[in-house]
Amino acid sequence: MIVNPQLFNYRLIIGSLLVVIAVLGVYGFSNYKSIQSYQDFLKQEKVLIEKELAEMLESYDELSEDYDLIASELQEAKLETKLALDSLRLLKSDLSIITKFKAQLVVLKNKSDILISTIDSLNTVNKNLQKENQSAYNTIAKNASTISALESTKDSLSSTIDKAAILKAYNLEAKSYKLRSGKKRYTSRAKRTDAIDVCLELSENPLAAKGIKDIYIQIVSPQGNVVADQGEITFGDNSLIYSKKEAVNYANETLEVCAEIVADDDDQPFSKGYYFINVFHDNIMLGSTTLELR
């Protein structure tokens with residue numbers, strides 16, 4: 001068989017072109033896949049950077065509510081982060097852009113770490129101050145309780161001392177008699193009586209104040225009248241009608257006090273029955289006794 005050389009050459013050229021086209025197609029497809037993967041990588045990097053910036057913004061929003069002392073630093077960092085995020089969202093995914101924003105992200109993260117470290121320090125100081133304040137409050141409350149207890153004890157002691165400082169009398173005795181020519185004739189007969197002697201002893205008391213003490217003696221008849229009425233003395237809201245007043249000089253030692261109560265004309269003759277003798281210092285009754293006249 002005779003082969004046409006020209007036809008053979010055409011076939012050879014066409015075959016070679018087909019091989020080249022096939023090779024170029026495979027290379028082009030492979031190159032397209034590589035470019036597509038690269039673009040996807042850049043997009044993914046952009047999304048990750050946007051996410052980190054958004055998270056940083058959220059953390060700044062939470063911190064800015066409670067930390068006025070570093071408000072300006074927080075506001076500045078927040079503004080830088082927001083500007084970076086807004087700019088990144090507007091730009092396309094490009095290697096130079098991604099590289100630039102990655103570098104900016106590192107700077108912003110460093111600033112964020114410094115702020116968070118500062119806030120952690122403030123938290124620690126604040127907790128310590130709260131503990132110190134609570135400790136101080138507890139100490140103050142404890143001292144106030146102690147002072148209150150001491151004041152209560154002081155008041156109780158003052159009340160006890162006041163009570164202990166009160167004059168006390170014992171051996172209170174009353175005797176009736178008839179006075180004739182300056183002589184006393186003791187009697188228990190009502191009709192013969194025209195005077196009554198009242199004697200008592202003020203007890204020793206080192207807590208009582210020294211000085212002149214007014215002792216008031218009151219004798220009440222069976223009819224409820226005050227014998228030998230000398231008038232009325234007032235002690236605050238209380239008043240006393242008395243039969244005799246004796247001023248004595250008390251020196252914290254036992255002191256005997258005696259007084260003669262001579263009946264007025266209106267009191268004579270004395271009535272039969274019981275007479276009540278009361279002895280007072282200021283508005284405090286020191287003692288009482290009775291005397292029966294027949």
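View 1. Arg192 is exposed, with a relative accessible area of 54%; exposed means over 50%, buried under 20%, and partly exposed in between (1.4 Å probe, protein chains only). You'll find Arg192 in the loop between strand S2 (183–186) and strand S3 (195–202). Together with Arg189, Lys191, Lys272 and Arg294, Arg192 makes a patch of positive charge on the surface. Such a patch takes residues with over 30% relative accessible area and no salt bridge, with like charges joined within 9 Å. Lys and Arg count as positive here, while His and the chain ends are not counted.

A quick word on what you're looking at: this is a predicted model, where local features need pLDDT of at least 70, side-chain atom pairs count only at pLDDT 80 or more, and totals for chains, interfaces and linings use all residues. Residues are numbered from 1 along each chain as its sequence is written, and side-chain values use heavy atoms, with hydrogens and water left out.

**View 2. The whole protein, for orientation.** There are three helices and ten strands, and from the N terminus on they run α-α-α-β-β-β-β-β-β-β-β-β-β. Helices (H or I, at least four residues) and strands (E, at least two) are DSSP runs, numbered from the N terminus. Of the 294 residues in the protein, 27% are buried.

**View 3. The disulfide between Cys199 and Cys258.** A search of the whole structure turns up one disulfide, counted when two cysteine sulfur atoms sit within 2.5 Å. Cys199 and Cys258 are the partners, with an S to S distance of 2.1 Å. Since Cys199 lies in strand S3 and Cys258 in strand S8, the pair ties together parts that are 59 residues apart in sequence. The torsion about the S-S bond is about 120°, so this disulfide is right-handed. Cys199 is partly exposed at 22% relative accessible area, and Cys258 is partly exposed too, at 40%.

View 4. Side chains of opposite charge can pair when their charged atoms come close. A salt bridge here is a side-chain nitrogen of Lys or Arg within 4 Å of a carboxyl oxygen of Asp or Glu, and the structure holds four of them. Lys184 meets Asp197 in one (2.7 Å, N to O), a pair that links strand S2 to strand S3, 13 residues apart. Lys184 also meets Glu260 (2.7 Å, N to O); with Glu260 in strand S8 and Lys184 in strand S2, that pair ties together parts 76 residues apart in sequence. Asp197 is buried at 9%, while Lys184 is partly exposed at 33%.

**View 5. Asp214 and Lys245.** Here's another salt bridge, with the closest N and O atoms 3.9 Å apart. Asp214 belongs to strand S4 (residues 211–220) and Lys245 to strand S7, 31 residues apart. Asp214 is partly exposed at 26% relative accessibility, and so is Lys245 at 39%.

View 6. Asn171, in strand S1 (residues 169–180), has a positive phi near 55° without being a glycine. Asn252 also has a positive phi, about 70°, and lies in the loop between strand S7 (244–250) and S8. Asn171 is exposed at 52%, whereas Asn252 is buried at 10%. Finally, the peptide bond from Gln268 to Pro269 is cis, with omega near -10°; Pro269 is in the loop between strand S8 (255–262) and strand S9 (273–281).

Key. Patch = residues over 30% accessible without salt bridge, like charges linked within 9 Å, V, L, I, M, F, W, Y side chains within 5 Å. Areas by Shrake-Rupley, 256 points an atom, 1.4 Å probe, with all protein chains shown as cover. Charge placed at Lys NZ, Arg CZ, Asp CG, Glu CD.
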